[in-house]
Amino acid sequence: MTRKILIYCFTLLALSSSFVWAQQATTPTGQQSDTAALEQRMKDMEERIIQLEGQVRQLKAQNAGQAPPTGTNANAVPPGTSVPPVSAPEPASQTAAQIPGSQTEGQGPNLGGATGMAKALNPDISVIGDFLGSVGKNNVRGVPSLEMHESEVGFQAIIDPYARGDFFISFGEEGVNLEEGYITFTALPAGFVGRVGKMRAAFGKVNTLHNHVLPWTDRPMVTDNLVGGEDGIDDAGASITRAFAGPKGIFLEATGQIFRGDSGDLFSAQKKGDVSTVAHLRGYRDITESTNVDIGISYARGHNDAQNIALLPGDFVTSLYGTDATIRWKPLRRSIYHSFIGRGEFIWSQRQQLLAFQRAFGFYTSGDYQLGRRWFVGGRYDRSDRSRDASLTDSGASAVLTYWPSEFSQLRAQYRHANYAEGISANELRFQVQFSLGAHGAHPF
Amino acid sequence: MIFKSKSRFIFSFVVVAMLLAFVLPSSAAKKLNVITSTSDLASLTQEVGGDRITVESIAKGYQDPHFVEAKPSFLLKLRKADLLISVGLDLEIGWLPPLITQSGNPRIQSGGSGYLDASQFAEVLEQPQGQVTRAMGDVHPLGNPHYWLDPDNGRRVAKGIAGKLGQMQPEDAAYFQQRFQDFDKRLTEAEKRWEEMMKPYRGRKVVTYHRSFPNFSKHFGLNVIGYVEPRPGIPPSPGHTIDVIQTMKRDGAKLILVEPYFDLKTPQSIASAIGGKVLVLPPSVGGEPDASDYFKLFDYDIGLLVKAFNETK
């Protein structure tokens, strides 16, 4: 009996041992394969999550206006500076059912009320403030001691797969002005880019620039005297542009524009046929990877206001001829610290008016050097005849110092000396504070 | 009869020759023209596109990709592009949109068949939660766009690009997939090598100038304890510099990683205050001549890091 029990116990022990041994022998392999499979499943799930997150981001970006995000504060920066949109897009999950007064609540149509998704399709909105102060005396072209010179509100979005829209509304202390508002057709055949609406004409360089991208607190004298002042040639019309590859790596861009013919005191249309025209040819070449040259020739023609003044029948036309040259240097490895832009524009004006045919000429040259990430210095020399009496010539010089606390604001001081044709000199110290809210689209180079 | 047959023969020959003239050059010479915003995407695209594509990058590897000038010379390249690949997440927000608009190329407009935002394939870190304001600096609301510095993201992006190229040129889809498989295999082998090299330094504390290395740090186990910039895109201030010095002293961090396009003055003053070292680490392909493709970028950076860690034990 005892022997039987012993044999039984031994057998049991042996079986147990063999089972444990078998477990020990097989478990590591089994566990390893299980672990590997588990790890692979986790990795697959992780990949799937990353894919889904990417899809969610794409959907969010599409809902946020279906626009290429335009966050650059062109206020204080050259093209190429990033500014994220200030606020996150409207959550896509905010459906009509969650919005009081929406149709899904069965209380009738929601007239004029944008629902969550509709709001997500709103354009990018930006505001750029331009505050100016001035000390010193100027009895010819004085400016207020302190003024909120301009508040530019921008609305920008892609309209459909074929076009985008840009509106810039300028609020001054005395009124509101549509500075620009146009549709750009981006999908025209043969590489043409078309534009219809109110826009700054492609005449020279400065005329195309908004106030907040100028490197000075004012515009050059030649702009004031010959090209219509601060607003310049800014009119309702249509534009067509095409870029070409020229010889030896030269980029060529030709622009033709037709406008209604009303641009401040420069052009004045008395009848529908008094349209003004602008043509611009631009040549650009990279000299090195850090240096490039940009040269343009411009022509503009339109009816002027001499007919109103003379009260005589007949066409009185102003023709403008211009050439501009810009040289830029920006070392790529230190592009955020150092740069130089030298620029000059030369403009000839031929104005028909009663008793005389005025031929006036004016120009400016300027240079702006970036000392560091936040500091810029610059200077400008001006000389220009006056368009209505070319025997009167103004001249002046400015020195400018600019500081950027960040990409979204800038402080500027400009000392300006002017000698006016009346024999009066003026010395002024002008101060400027510019600041940007929201997503202001980058301006063209 | 002979004359008739000869005429037929000549006619047939001419027809066949004309057909060949039309068909052969187009199929033999057709290459997708790809433009990428950065050199890293160009390198990944070249890996999977092989000789069936041409690819060119707008930004150079040693340029700050946030601040590229939208030069007119890029417009002509974009006009001819079949495909434009961007990093996305607002990295190119200040310069790419005006180039796209002015290019006159409907294919590469946002939402067009020839526009690809590569961020959709990547694991994106540092996605801000809650309201995003400029008080946070130049923060990217959709997440940190420097995702390509994780080899796993390189693999994901390459896979996505191979898929897109295959969609655009179906006759070469198998070729692009085969190229991707080969890239994947080589990347897996390289990753093992890189991870082995970085293994002794996992958990090492470092400071970086800008937030360019979160994906790299995550993949290779570095611990980023601070930044030279007080906030993204905001230049260093004296007060913040003192904070960084104190943090590095407290945590025993000795290494400051700086992208090639940032000024070294502040990082060097921090390094001299703590007895540490500044390491200029290119975050992009072409940032240094030796980092001439995606693999060599990691070879170069990891080689530098290992040397610097050994020097700052």
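Reader: How many residues of domain 1 of chain B are in contact with domain 2 of chain B?

Author: 30 residues of domain 1 of chain B are in contact with 29 residues of domain 2 of chain B. Contact means that C-beta atoms, placed from the backbone, lie within 7 Å. This is a predicted model: local features need pLDDT of at least 70, side-chain atom pairs count only at pLDDT 80 or more, and totals for chains, interfaces and linings use all residues. Residues are numbered from 1 along each chain as its sequence is written, with chains lettered from A and ligands numbered from 1 in the order in which they are written.

Reader: Where are the two domains of chain B divided?

Author: Domain 1 covers 30-193 and domain 2 covers 194-311. The bounds come from an automatic or database domain assignment. Taken over C-alpha atoms, their centres are 25 Å apart.

Reader: What makes a nonpolar core, and how many residues has the largest?

Author: A nonpolar core is a set of buried Ala, Val, Leu, Ile, Met, Phe, Trp, Tyr and Cys residues joined through C-beta atoms within 7 Å. Buried means that 20 or more other C-beta atoms lie within 10 Å of the residue's own. The largest such core has 87 residues. B:Val48, B:Leu78, B:Ile256 and B:Leu257 have the most contacts inside it. Helix H10 (residues 294-311) of chain B gives the largest share, seven residues. Helices are DSSP runs (H or I, at least four residues), numbered from the N terminus.

Reader: Which residues does B:Ile256 touch?

Author: Not counting residues up to four places away in sequence, B:Ile256 touches B:Val207, B:Val228, B:Pro267, B:Ile270, B:Ala271, B:Gly276, B:Val278 and B:Leu279.

Note on methods:
Contact = placed C-beta atoms within 7 Å. Buried ≥ 20, exposed ≤ 12 C-beta atoms within 10 Å, placed from the backbone. Helix = DSSP H or I, 4+ residues; strand = E, 2+ residues; numbered from the N terminus.
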